[in-house]
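Please look at the sequence and the model shown here. The report after it walks through a few selected features.

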Amino acid sequence: MNILEEMKKRLLFFDGGMGTLLQEAGLAPGELPELWNLSHPETVTHLHLDYLNAGCDIITANTFGANALKFTGDNTPTVEEVVSAAIANAKNAVTQCGCPSKYVALDMGPTGKLLKPLGDLDFEDAVSLYRQTVLAGAAAGADLILIETMGDTYEIKAAVLAAKEASDLPVFVTAAFDEQGTLLTGGSIPAVVALLEGLGVDALGLNCGLGPVQMKPLTGEFLKYASIPVIVNPNAGLPRAEAGKTVFDVGPEEFSSVMKEIAEDGARMLGGCCGTTPEHIRLMIDKCRTVSPVPVKEKNITVVSSYTKAVEIGPDPVIIGERINPTGKKKLKEALKSGDLEYILKEGLAQVSGGAHVLDVNVGLPDIDETGMMCRVISELQSVVDLPLQIDTSSPAAMEAALRLYNGKALINSVNGKAESMEQIFPLVKKYGGVVVALTLDESGIPETWEGRIAIAEKIYAAAASYGIAKKDILVDCLAMTISSDQSSALTTLETLRRVRDDLHGHTILGVSNISFGLPARPVINSFFFAMALQNGLNAAIVNPGSEDMMKAYHSFRALTGRDLQCAAFIEQYGGQPSPAASAQTGPGAADLSLKEAIIRGLKEASKHATETMIKDLPPLEIINSHLIPALDVVGKGFETKTMFLPQLLMSAEAAKAAFEVIKTTLAASGISEEKKGTVVIATVKGDIHDIGKNIVKILLENYSYQVIDLGRDVEPELIADTVCSTHAPLAGLSALMTTTVPSMEATIRLLRQRAPWCRVMVGGAVLTQEYADMIGADYYAKDAMASVHYAETVFSGNN
Amino acid sequence: MNLNYKETIRYLGYGKQEPDAAIRALIEGCWLELDASLSPKCTWDVYRLQHKEENRLCFAGMEVTSKSLNKNLAGCGFILLFAATLGPRVDLLIGKYTRLQMSRAVVLQAAAAAAIEDYCNGINTKLKSVMAEKGLYLRPRFSPGYGDFDLAHQRQLITVLDTPKKIGLTLTDSLIMAPAKSVTAVIGLSEYDTRCHLSGCEACGKTDCEFRRFS
């Protein structure tokens, strides 16, 4: 019988620990356990056989770390050799035990490297590593793939994509949580369940890290959210060090008793991890014999996730921040064109503090590489914001690239009732997971009646079902059209909302503010319409969380309908005193400071305020030259003479930046472009992933009016040379933290000398010294960030 | 864990000077956020140590040639391999502020550097009492990259201790530890309590370092 069929019928049992037993059998410290598949096949087979004799249904082949990072084929066997030997050993054991109805799992653990941005492994490279192992395992005849002991949702996604793209085998995934139910990189259980169910795995759960006692409550959490079978493979207790050895305290008796309870709670597959032995497994199976399996229930929860958080879209309405969308936003358009991601990140953060639960991301502009920009914005946003994102694009190519890269289960904006749209979008939803916005329009346009829109919603549900996409993963967009052209349109939208809720039992979404195009006092009418829409069942609203009127409607609705228990959120929002932080910013004193004083003291708000006042009377250039720069010089001197220190230097730099923002806005409004002293290209060199030092240099150079092109970290020499050539930059700044990455700094300098002989190169970073800088041929060693500013002044004044 | 204020300001370059109230508030605010991102983990194991000629040391299947390490381990029959990390969420937090607010990023970075040291010192103290029961005394921690103990041995330490699986500590191709706030080290175990072993700043030859600790 197929395992997917069998798991529906009864409890299934995994084997227990392998590593600990191999160590007992003589595996040397540092020796790769997977090598034993080739060097000690009998030992490995025998261990499998012990587990089979203990009664387990699924044995995991000894392939946990069998990837090309460890098995390069140079001094080691290849991945294919290791995997096929491992599967052969497991299959031999199955043959020897005489029960052919056992299953062999290809076992895949973490790659052993961290994915970017935490480490240096590229997401697609991780997919390729796993793909190679999957192909080898499938070719060797594995019955299923078990991805286990995962600590990072992003790596989980890479492994699952590889498993699904390179094989048709069932895919089971278990992750290693801490006692609070958090993954190493911060993922919560609902977020992991959302991600995995979205990717279409067949069973999921937890393993390693904890013993059965600690896993029991976490299993409950899994069972609450998961609509597919849950796997629980604990260690034999929490690991404890004794005489330099890791020991596990929970013996077979206690282990099996708790495992029985976990089975009674509803877990469908049970086994063990580190420290468990065939005896643990035997006793567990024995005790579970009397447990009747709890049926796996469809939970019908509509949920999107980021790498840490899950957001449920259901009875409690959800706010989707609409601000990252260039339509009608001049500043955002400019930011996108110039690649100024900082502006976009700040826009994202502002919406988070405004109360958004999800952020919409739309970067569509006529002259932009939308796919590239979408991917950059998604990655950058995910590194500062932990809310789920709504990927909003009409380009299927950009949609696929973004969905592939996105760390979580995204909201997808959008599909509609046109056959072409559904053919393009549904396969992506099916493959990558996601909740998709379904616009109630089709080839014949937008129906004017609620009946027409409901008919399209039904058509979309049916088409989605044919792709295997559940109704819960569709949000019907009932379309808000302005009442200034058709007065009945609001009523049509409201009735459609109500019908989706009451007749179709589905979920809805709306771009609320469209209702008032062409009318005055839009915030007023928008917020009233918003409240009406909520009352008619709206589940997710695409609005501006910065709009006070909209948020008032939202908070009031929740309080009025009993969704906000004891009106706690409402009281928190509107009942308190102004926060101390806010009064400090605006309180007496701060507002009266001169710009110079504000910058020296590092007060951002005061600096902004002073500039706003000053710019009414003084020309921008005078503010810069007579107030801003002198203040920065004071701080710089203080830093150099050690009366001021790095945090103050940077707070001042940030305050100066706030002043520059005001000046920039004023200049832009009067059509004058800002003058820059010249271009500096900066980067952390190839192989190095530290960027604090480089970013300190960046903010100071920007303060002194240089155009800084920041190429980021781990940058190829070629890209640095290309950029210097294309901008003809007179100065490049390179940063390296480690002795191991100084050679790539040297290589970059060599390439720059060849291709851009005009360009001066300054270097800095923890390991560098004047001597080192001379040795690798740099023009200047910047001992700190101020030194880099001084050198830039020399280079650009032509005195070098 | 608790904020190590003194070490944090030392890492920020304050030397003996006291930061003003604004910076103190910044440091305390950063700590609250950092503390919530910590998931400290460590792993260690003990191996027999063999001293061979020409400063060669053999342990845990590794062979290290290092004069300074040999000196550090003189008289030790066992060696403890040690790895610890504050976990990847610290890097995510610092990365976030590196994009948004550098003043916070540098303070977080300093506070995290102090925190990993404190964490290691705490574990060290525990190890001391565990080993004392067996009649063994600990030498100061010695990490790859100290003196002439080649950084390349980092790879072997990580492999022997299986840190990617056990505590989530990995290495990049250029031997950078990820998560960044991590430590690997060896600790000599000796039957003799030889005091006055210097460690940290006091053991370092770079006496003009501006971050040098004042003892």
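The sections below cover the basis of the model, a barrel, some helices, single residues and aromatic rings.

## Basis

This is a predicted model, in which local features need pLDDT of at least 70, side-chain atom pairs count only at pLDDT 80 or more, and totals for chains, interfaces and linings use all residues. Residues are numbered from 1 along each chain as its sequence is written, chains are lettered from A and ligands numbered from 1 in the order in which they are written, and side-chain values use heavy atoms, with hydrogens and water left out.

## The barrel in chain A

Eight strands of chain A close into a barrel, in the order 13-14-15-16-17-18-19-20, with parallel pairing. From one strand to the next, the twist averages 30°. Helices (H or I, at least four residues) and strands (E, at least two) are DSSP runs, numbered from the N terminus. Two strands pair if DSSP finds at least two bridges between them.

Strand 13 (residues 318-324) and strand 20 (residues 540-543) of chain A pair in the parallel sense over four bridges. A:Ile320 has A:Ile542 in strand 20 as its bridge partner. Helix 13 (residues 341-354) of chain A lies across strand 13 and strand 14 (358-361), and runs at about 155° to strand 13. Axes are lines fitted to C-alpha atoms, for helices over the stretch in contact (heavy atoms within 4.5 Å). Angles run from 0 to 180 degrees between N-to-C directions.

Which residues of helix 15 are buried? In this helix (residues 396-405) of chain A they are A:Ala398, A:Met399, A:Ala402, A:Leu403 and A:Arg404. Buried means under 20% relative accessible area, exposed over 50%, and partly exposed in between (1.4 Å probe, protein chains only). The buried residues of helix 15 pack against several elements of chain A, including helix 6 (123-140), helix 14 (370-384) and strand 16 (411-416).

Helix 26 (residues 646-669) of chain A has 24 residues. Its first and last C-alpha lie 34 Å apart, close to the 34 Å expected at 1.5 Å a residue. The expected span is 1.5 Å times one less than the number of residues. Helix 26 is mostly covered, with 17 of its 24 residues buried. Just after helix 26, A:Gly671 takes a positive phi of about 75°.

## Two residues in context

A:Ser527 is found in helix 19 (residues 522-535) of chain A. A:Ser527 is buried, at a relative accessible area of 8%. Beyond its neighbours within four places in sequence, A:Ser527 contacts A:Asp549, A:Met550 and A:Ala553.

A:Asp316 lies in the loop between strand 12 (310-312) and strand 13 of chain A. A:Asp316 is partly exposed, at 31% relative accessible area. Leaving aside neighbours within four places in sequence, A:Asp316 contacts A:Asn539, A:Arg558 and A:Arg563.

## Aromatic rings

Rings of Phe, Tyr and Trp (its six-membered ring) pair if their centres lie within 6.5 Å; planes under 30 degrees apart count as stacked, over 60 as edge-to-face and the rest as tilted. The count comes to nine aromatic pairs over all chains. The rings of A:Phe177 and A:Phe222 have centres 5.7 Å apart and planes at 80°, so this pair is edge-to-face. The two residues are 45 residues apart, and the pair links distant parts of the chain. A:Phe177 is buried at 4%, and A:Phe222 is buried at 0%.

The rings of B:Phe142 and B:Phe149 have centres 6.2 Å apart and planes at 25°, so this pair is stacked. Both residues are buried. Ring pairs link B:Phe142, B:Tyr146 and B:Phe149 into a cluster.
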